[in-house]
Amino acid sequence: MTREAEQIAQDYSAMGDSVDLITAVIAGNQMADKSAEDRQDCVDRNTQHLELMVAKDDWGSESMTAINAAITAGNGYTAS
């Protein structure tokens, strides 16, 4: 199914939110008061979301640099 331009823009924005959340959790700036399991769960879920979205083949000129970096960081994260 082909996404409309508006949907692509919404999806890209949501991906940015996931990047921000992954980055903040790993840095200890968000969810610091939550258990390691909850933080790991959050990073894993958001990383999986990014992996699914980046695999779509109807992106235009959107940059995936920060998204790919967040995927790498998320996959390498182990909450402690």
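Predicted model: local features only at pLDDT ≥ 70, side-chain atom pairs only at ≥ 80, totals over all residues.
Within α2 the buried residues are Arg39, Gln40, Cys42, Val43, Asn46, Thr47, Leu50 and Met53. Looking down the axis of α2, these buried residues fall within an arc of 165°, so they line one face of the helix. That set of buried residues packs against α1 (5-27) and α3 (65-76), while on the other side of α2 we find Glu37 and Leu52, which are exposed.

Now to the salt bridges, of which the structure holds three. One of them stays inside α2, where aspartate 41 pairs with arginine 45 and the closest N and O atoms are 3.3 Å apart; these two residues are four apart in the helix, about one turn. Aspartate 41 is partly exposed, with a relative accessible area of 41%, and arginine 45 is partly exposed as well, at 49%.

Arginine 3, by contrast, is buried, with a relative accessible area of 13%. Its side chain meets that of aspartate 11 in a salt bridge of 2.7 Å, N to O, and aspartate 11 is buried too. Arginine 3 also forms a salt bridge with aspartate 58, with the closest N and O atoms 2.4 Å apart. This pair links distant parts of the chain, since aspartate 58 sits in the loop between α2 and α3 and arginine 3 in the segment before α1, 55 residues apart. Taken together, Arg3, Asp11 and Asp58 are linked in a network of salt bridges.

Technical notes:
Residues numbered from 1 in each chain as written. Heavy atoms only, no water. Buried < 20%, exposed > 50% of the residue type's maximum accessible area, 1.4 Å probe, protein only. Arc of directions from axis to C-beta. Contact = heavy atoms within 4.5 Å. Salt bridge = Lys/Arg side-chain N within 4 Å of Asp/Glu carboxyl O.
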